[in-house]
Amino acid sequence: MLLNRFQRWARSNESVFILLATAVGALAGLLSVIQGGIARGLQHLFYGTPSGVHLSAMDRIATTSLIALPIGGLVLAGFTWATRSRKRNLVDAVEANALHGGRMTLGDSLIVSGQTIISNGFGASVGLEAAYAQMGAATGSIVGQWMKLRRKDLRNLVGAGTGAAIAAAFGAPLAGAFYAFEIVIGAYTPSSLAPVAAAALSGTLVAQVLGAQPYVISAQAGLPVEPHHFLVYAGLGAVCALFGILLMLAVSQMERLARLLPGPDWLRPAIGGCVMIPLAMWTPQALSAGHGALYTNLAFGVPLGVLLAALAAKALGSIVSLGFGFRGGLFFASLFLGSLLGHAFAIILANAVGHVVIDPRNGALVGMAALSVAVIGGPMTMAMIVLEATHDFTLTGAVLAAALVSSTLVRETFGYSFSTWRLHLRGETVKSARDVGWVKTLTAGSMMRREANPTPADITIAEFRRRFPLGSTSRVVLADGEGHYAGIAQPSAAYRDGIDESAEVRTIARAQDAALKPDMDIVAVMRAFDTLGGDELAVIGPDRGVLGLVSEGYVRRRYAEEIEKAQRDLFGE
């Protein structure tokens, strides 16, 4: 009884929903701390990382320790084999909110988290952000489903859990909140502002109370940013956009090449671990997510050659790790790569013109955000990371300029972030977390009027007139002798002057080759009406048997109703 009452309060009372989001945020923050602790424990076990020192910040790693990389590949293969019973793809936060109304399962999320922790813990060049976001989102989704929340509230709670997890990991509540808005929910909505902010603050507080070391960097901005510097930073944003696109394409190409290798699929991560060994011997900065290396390179002046070598090693490490099957995110890896690219950009520009144009440290911070926007998306998320790291509003303005240039170029020329690009490779059409799940559920099969007894197409027009006098119906579906769809006939066409009454009715049928499949979504159905014409189209099954009819007027009315409902949800009405 008490549970039912609380469920009603959560669905109808905004204050109660905010309290629920705060609790979800606290749990998501706790899970982030636990996951980070497990991964760091594995790195300490295999690589002997000192307390408080990240793997990528070590000066060198014993060659014998690097055997952990292929061993990690085998462990990952074993873990994946043990969870192989699932026949569908694992659903992450972006896909859940875009296609499934925020619905996720604990099993999927534990698998994604386990794969990510194994990959990062054994040193692969991937971040833990995928595990943090997955478990934070799953927390919100499972609690929301238990509370029987409405679709929009469930999506908001998924975003709140994800934002809290990222905020706890980075010690940056603003960045976590904007990550939820831009990456997971897909919009800034009045109904999501308070719960997401409360969850992000709650998650950050839990991490701080537990003494977790945040990932956010404490950085000092360099020389003051002048107005003309914004043009230079915009150019850096364009460079980062190009690099980000190449990085995402390279990961996909590496996956293709890895599949061509002889041997079983489960062996690929171990092979990738072997390929990672020479990169790790070249520089430990190629390992893990790169938190320690990022701080080291920002804190100390690094020569151009070292920057470029680290950039190449880290990029190759991420490409190999993801391409050969290790699981993880590119969030922090893109921050690290962007800082190297921005730092190198500033030095190369100074060498080209003979004097310092932009401060190298500022260039690193701007490049860090701009490349992350190209790969992950979320201009405001990355701007908030820099703001919370430097507390410099002027530099944050330059970051926004570069981030917007980067985001625009990637959107115009490539169209995807890393997460949505990987969904695209699976055949999905998702480009953001914006809720398009209702589009998938509104299919031709769900909108059709069922047609149980189509009329034979071989009857004469005279017989057709007898069965369907003028005014009795506007359209009649025809089928041939084998029950296959044969077109749509209008009774008015059977009464035209001079028509041969002994001819078969199929001679006046239209749309004989134009029909819909029952699984076509509403957007595809409207496109079919635009292309094929006609007021109604038949829905046919795999055997070309007639299932029903769909009218254009009804389809467009349903689409308008759903758009209006989405708008109301957007503004919290």
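The largest nonpolar core holds 124 residues, and Phe170 and Phe331 touch the most other members. A nonpolar core here is a set of buried Ala, Val, Leu, Ile, Met, Phe, Trp, Tyr and Cys residues joined through side-chain atoms within 4.5 Å. Buried means under 20% relative accessible area, exposed means over 50%, and partly exposed lies in between (1.4 Å probe, protein chains only). Helix H14, residues 331–353, gives the most to this core, with eleven residues. Another core lies apart from it and has 17 residues, among them Ala444, Met447, Ala524 and Phe529. In soluble globular proteins, nonpolar side chains tend to be buried together.

The model is predicted; local features need pLDDT of at least 70, side-chain atom pairs count only at pLDDT 80 or more, and totals for chains, interfaces and linings use all residues. Residues are numbered from 1 along each chain as its sequence is written, and side-chain values use heavy atoms, with hydrogens and water left out.

The protein chain contains 23 helices and seven strands. Helices (H or I, at least four residues) and strands (E, at least two) are DSSP runs, numbered from the N terminus. Of the 573 residues in the chain, 55% are buried. The chain exposes about 24300 Å², and carbon and sulfur atoms supply 61% of that area. Accessible areas come from the Shrake-Rupley method with a 1.4 Å probe; for residues, only the protein chains shown count as cover. Among contacts with a separation of 6 or more, 75% join residues 24 or more positions apart. A contact means heavy atoms within 4.5 Å.

Three strands form an open sheet in the order E2-E3-E4, with mixed pairing. Strands E2 (455–456) and E4 (485–489) stand at the edges, each with a single partner strand, so one side of each is left without a neighbour in the sheet. Two strands pair if DSSP finds at least two bridges between them. E3 (residues 476–479) and E4 pair in the antiparallel sense over four bridges. Val477 has Ile488 of E4 as its bridge partner. Leu478 stands opposite Gly487 in E4. E3 and E4 form a hairpin with five residues between them, and Gly483 in the turn has a positive phi of about 85°. Five of the five residues of E4 are buried, so this strand is largely enclosed by the rest of the structure.

Charged pairs were examined next. The structure holds seven salt bridges. A salt bridge is a side-chain nitrogen of Lys or Arg within 4 Å of a carboxyl oxygen of Asp or Glu. Glu552 and Arg556 meet in one of them (3.0 Å, N to O). Both lie in helix H23 (residues 552–570), four residues apart, about one turn of the helix. Arg556 is partly exposed, at 31% relative accessible area. Salt bridges that share partners also join Arg150, Lys152 and Asp153 into one network. Within it, the closest N and O atoms of Asp153 and Lys152 are 3.2 Å apart. Asp153 is buried at 6% relative accessibility, and Lys152 is buried at 17%. Arg506 and Glu504 form a further salt bridge (2.8 Å, N to O). Arg506 is partly exposed at 30%, as is Glu504 at 33%.

Cysteines were also searched. Zero disulfides were found in the whole structure; a disulfide is a pair of cysteine sulfur atoms within 2.5 Å. Cys240 is buried, at 0% relative accessibility, whereas Cys274 is partly exposed, at 43%.
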